[in-house]
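Trainee: Hi! Could you walk me through this one? I'm new to it.
Mentor: Happy to, let's look together.

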Amino acid sequence: MISLLLNFCLCGRGIKSLLLAFWLSVLLLPKIHFAQQLKISSPLPKLIVTSPYGKRIHPILGVQKFHSGIDLKSQSDTIKSILDGQVLQAGYNRQLGNFIAIKHGALEIWYAHLSRIYVMAEDMVSAGENIGITGNTGLATGEHLHLAIKINGYFINPLKFLKALQNHN
Ligand SMILES: [Zn+2]
């Protein structure tokens, strides 16, 4: 563990990325040695954030609400799983529309407002595997991919997480 932390200190970018790396190494990827390359994939061909994570005025409800994820620009795009994992839920709910939740250790990644779902609960998926098509189902003003990430049940900023993953490799 000490050498692991030292490794990251050498190329680290402050305490936040160190903390993220710590979560990744200890909780998320217990079986993968830190020195190995982590298999990661971008969920969409291009990542263009149209609405950030955090407090915002909800575009439909008109009241201030916490945005638990980021919205990414999309147009009938194929969605790829970001990491290797297992499908926790795949289905429909009124707010998220067609959605997929994939579990990666202590981490969950949620993909929402899909037009099509290619996976079922309990399926094992690989990073880069096609899991669905973007859409505008559920409570959405237009087509986009809502991407949310939870660690141990708490939402985190997906953009910061994706950047930390990229920096790791
Ligand atoms: Zn959203």
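Mentor: We'll start with the overall picture and then turn to the strands.

Trainee: What kind of model is this, and what is its average pLDDT?
Mentor: This is a predicted model. The average pLDDT of the protein is 84, and 78% of the residues score at least 70.

Trainee: Where does pLDDT stay under 50?
Mentor: Over residues 1-13. For that stretch the model has 9 contacts beyond four places in sequence.

Trainee: OK, the fold now. How many helices and strands are there?
Mentor: The protein has 3 helices and 12 strands. Of its 169 residues, 29% are buried.

Trainee: And the contacts, how far apart in sequence are the residues they join?
Mentor: Take the contacts between residues at least 6 apart in sequence: 60% of them join residues at least 24 apart.

Trainee: Which residues have the most contacts inside the largest nonpolar core?
Mentor: Those are F99, I100, I109, Y111 and L114, in a core of 25 residues. Strand 4, strand 7, strand 8 and strand 11 are the elements that give two or more residues to this core. Strand 8 provides the largest share, with 7 residues.

Trainee: Can you pick out L114 for me? What does it touch?
Mentor: Leaving aside residues up to four places away in sequence, L114 touches I79, G97, N98, F99, I100, G132, I133, T134, G135 and T137.

Trainee: Back to strand 8, then. Why is it largely enclosed?
Mentor: Strand 8 is largely enclosed by the rest of the structure because 8 of its 11 residues are buried.

Trainee: Which way does strand 7 run against strand 8, parallel or antiparallel?
Mentor: Antiparallel, and the two pair over 6 bridges. H104 stands opposite L107 in strand 8.

Trainee: What happens in the turn of that hairpin?
Mentor: There are 2 residues between strand 7 and strand 8, and G105 takes a positive phi near 65 degrees.

Trainee: How many bridges join strand 8 to strand 10?
Mentor: There are 3 bridges, and strand 8 and strand 10 (residues 130-134) run antiparallel. To find the pairing on screen, look for I117, whose bridge partner in strand 10 is G132.

Trainee: What about strand 8 and strand 11, how many bridges there?
Mentor: Strand 8 (residues 107-117) and strand 11 pair over 6 bridges in the antiparallel sense. Along that pairing, E108 stands opposite K150 in strand 11, and the bridge partner of W110 is A148.

Trainee: Switching to strand 11 itself: why is it largely enclosed?
Mentor: In strand 11 (residues 144-151), 6 of the 8 residues are buried, so the strand is largely enclosed by the rest of the structure.

Trainee: In what sense does strand 4 pair with strand 11?
Mentor: Strand 4 (residues 70-73) pairs with strand 11 in the antiparallel sense, over 4 bridges. One spot to check is D71, whose bridge partner in strand 11 is H146.

Trainee: And how many bridges join strand 11 to strand 12?
Mentor: Strand 11 and strand 12 (residues 154-156) are joined by 3 bridges and run antiparallel. I151 has Y154 as its bridge partner in strand 12.

Trainee: Which residue in the turn between those two has a positive phi?
Mentor: N152, with a phi of about 50 degrees. Strand 11 and strand 12 form a hairpin with 2 residues between them.

Trainee: One last thing: how do side chains sit along a strand?
Mentor: In a regular strand they alternate between the two faces of the sheet.

Conventions: Residues numbered from 1 in each chain as written. Predicted model: local features only at pLDDT ≥ 70, side-chain atom pairs only at ≥ 80, totals over all residues. Buried ≥ 20, exposed ≤ 12 C-beta atoms within 10 Å, placed from the backbone. Pairing = 2+ DSSP bridges. pLDDT = per-residue confidence, 0-100. Contact = placed C-beta atoms within 7 Å. Core = buried A, V, L, I, M, F, W, Y, C linked by C-beta atoms within 7 Å.
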